[in-house]
Amino acid sequence: MLNYRPTKRTRASFGPGQIARPLYRLKCIRPIVQPSPAEIIQARPIKSRTVPPHSREKTPASAIIIALTLSSSSRRESCDACRGKQRIKPPMALRHAVAPHHSPFASRPPLSPATFATGVAPPPPPKKANARLSFSVSASSMASPPPKKVLVPVADGSEPLEAVVTIDVLRRAGAEVTVASAEEQLRVDACEGMKIVADALISDCADTAFDLIALPGGMPGASSLRDCKILENLVKKQAANGRLYAAICASPVVVLGSWGLLKGLKATCAPIFMEQLSSLATAVESRVQVDGKTVTSRGPGTTMEYAVTLVEQLFGKEKAEEVAGPLVMRSNHGDEYHILELNPMDWTFNQGPQPQILVPIANGSEEMEAVIIIDVLRRSKANVVVASVEDKVEIEASRKVKLVADMLFDEASKLSYDLIVLPGGLGGAQAFAKCEKLVNLLKKQKESNRPYGAICASPALVLEPHGLLKGKKATAFPAMCNKLSDASEAENRVVVDGNLITSRGPGTSMEFALAIVEKFFGRKKALELAKAFIFTHP
């Protein structure tokens, strides 16, 4: 065991009238090995003394001081002694001192042998040069992973419903979706007179690696995609690198099949192309088919299921379920749709040989709902006018899809309509509610007993506040049904009450649009259209 003895007393700084605590300056007799915590330092305490007021003597910085705290009883004695200016003898317990790292200065590093030998502490070690680098690495390891990159190419004649629903659902999941035009300009003229503005040209994406490339269908759009050499190289590289690629409707046959990317795989497509598919792949009639890294689907009526499947392939089942919930999708895919009708009345069209229907859109409108309604109604041969309530015809919808209206609302409001129908989307519904001309047109429609309707947020945020649901049963997006004055039938997916029609959300848009077709043209025409879309079983 190493022995230590006290040497010259070291003075310390104390406040006026305080008692100096015993201090020890220790000199190692054999300063070879640093003492362990178990070794005891043998020392004799220095007698306490009273420090006169206003006296401040500072401890030399080079001295190694070990301060021993007095017991509570000693402190009381010291206080009494301070008052009576008496000296006290430290208790016998102070004859033993613990090792330095058990002292009140436990946060200091253990003293080195050189320190014990010289009584002088070495200079602090320099900071490590990589301290900042270590922090940066730690911070970056906590950062969220980069978003999944998805390419959705579009062309003149692409099916807008299939493109927009795919884009919308994938963006809801957090994917970074690039809409790329296969034409020479960003704007494409899709099927059914829909106009979409892409984010980039396909040539801008030639050197980008994507986690998924998803091809919409539609003719002649699929043929344009097939003939795009840049896209062909991208998709073939995607397949060679074992990354996801997908196609729907005509594109599995027209695009993937012609590039030889379905050999030995199970795949599906639009019914009209099934015979051709059988020579290119193992043809199946599934609504959505996954085989390895290839996903295929049948048509507009299966697009939402297809898009949710792509989310599952990219992010996992839990994320897919999280995204599907707010869509208000139906569970019985392929079954015949049903609506709730109260106070039945005939819907007639008196403005021409086809129904004249107004669909307003705004920044923040829900693109899926708008496009599905427009697409279905135009396929039924209704004359649909798409009008922007903004100051320009191009709007940016809720999931950043850019759509181009047929005209501004000021021009559209001069016409008369057999039906006015509002898509949802929080931002769009708020814009509708603030548009005085639109609200007045809806009120005239109601007073004339002509049909009007809304879906998702719009029944609660537009129709209800302006008295357009008074005396009517209606439904709305589930989270907004509490804003309805009469929500007794709000659990129904589509509610028709006389000349009013309302619905719940993106996943009910197809049923909503088909119900409008049914009211104008009859259920037979609506069911034929549903089968053509592959919404119900063909």
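1. Lining of the largest cavity. By class, nine nonpolar, five polar and three charged residues make up the lining of the largest cavity in this predicted model. The volume of this cavity is about 170 Å³. Its lining is made of 17 residues, and G301, M304, G507, M510 and F535 are the closest to the centre. Two helices, α4 (160–172) and α9 (303–315), each contribute at least two residues to the lining of the largest cavity. The biggest share comes from α9, which gives three residues. In total, six cavities of 30 Å³ or more are counted.

2. The second largest pocket. The space in the second largest pocket comes to about 360 Å³. This pocket has 18 lining residues, and those nearest its centre are C249, A270, I272, R379 and A532. Sorted by class, the lining of the second largest pocket holds 13 nonpolar, two polar and three charged residues.

3. Nonpolar cores. In soluble globular proteins, nonpolar side chains tend to be buried together. Here the largest nonpolar core contains 112 residues. The members touching the most other members are L151, V169, L170, L212, L231, I357 and V376. Taking V169 as an example, and setting aside its neighbours within four places in sequence, its contacts are A307, V308, V311, V323, L327 and M368. Another core lies apart from the largest one; this other core has 32 residues, including Y417, L441, A457 and L461.

4. Aromatic pairs. How many aromatic pairs does a search of the whole structure find? The search returns three. One of the pairs is W347 with F520, in an edge-to-face arrangement with 5.6 Å from centre to centre and 65° between the planes. W347 sits in the loop between β18 (340–342) and β19 (356–361), while F520 belongs to helix α16 (residues 509–521), so this pair ties together parts that are 173 residues apart in sequence. W347 counts as buried because its relative accessibility is 4%, below the 20% cut-off. F520 is buried as well, with a relative accessible area of 9%.

5. A further pair on F520. F349 and F520 also form an edge-to-face aromatic pair, with 6.1 Å centre to centre and 65° between the planes. F349 is in the loop between β18 and β19 and F520 is in helix α16, so the pair ties together parts that are 171 residues apart in sequence. F349 counts as partly exposed because its relative accessibility is 25%, a value that falls between the 20% and 50% limits. Taken together, W347, F349, F520 and F521 make up one aromatic cluster.

6. S365. This residue is placed in the loop between β19 and α11 (367–379). Is S365 buried or exposed? S365 is buried, with 2% relative accessible area. When neighbours within four places in sequence are left aside, the residues in contact with S365 are A397, S398, G424, G425, G428 and F432.

7. P220. This residue lies in a loop too, the one between β12 (212–215) and α5 (221–226). P220 is partly exposed, its relative accessible area being 47%. Leaving aside neighbours within four places in sequence, P220 makes contact with D156 and G157. The C-alpha atoms of P220 and A155 are separated by 8.5 Å, although the two residues are 65 residues apart along the chain.

8. The chain overall. The chain has 538 residues, and 50% of them count as buried. Its secondary structure consists of 17 helices and 27 strands. Among contacts in the chain with a separation of 6 or more, 70% are between residues 24 or more positions apart.

How values were computed. Residues are numbered from 1 along each chain as its sequence is written. This is a predicted model: local features need pLDDT of at least 70, side-chain atom pairs count only at pLDDT 80 or more; totals for chains, interfaces and linings use all residues. Side-chain values use heavy atoms; hydrogens and water are left out. On a 1 Å grid over the protein atoms alone, a cavity is a set of points where a 1.4 Å probe fits but cannot get out, and a pocket is an open set with protein on both sides within 12 Å along at least five of seven lines; lining residues have an atom within 4 Å of a point. Grid points are joined across faces, edges and corners, and a volume is the space filled by probe spheres set on the points. Ala, Val, Leu, Ile, Met, Phe, Trp, Tyr, Cys and Pro count as nonpolar, Asp, Glu, Lys and Arg as charged, and the others, Gly among them, as polar. A nonpolar core is a set of buried Ala, Val, Leu, Ile, Met, Phe, Trp, Tyr and Cys residues joined through side-chain atoms within 4.5 Å. Buried means under 20% relative accessible area, exposed over 50%, partly exposed in between (1.4 Å probe, protein chains only). Contact means heavy atoms within 4.5 Å. Rings of Phe, Tyr and Trp (its six-membered ring) pair if their centres lie within 6.5 Å; planes under 30 degrees apart count as stacked, over 60 as edge-to-face and the rest as tilted. Helices (H or I, at least four residues) and strands (E, at least two) are DSSP runs, numbered from the N terminus.
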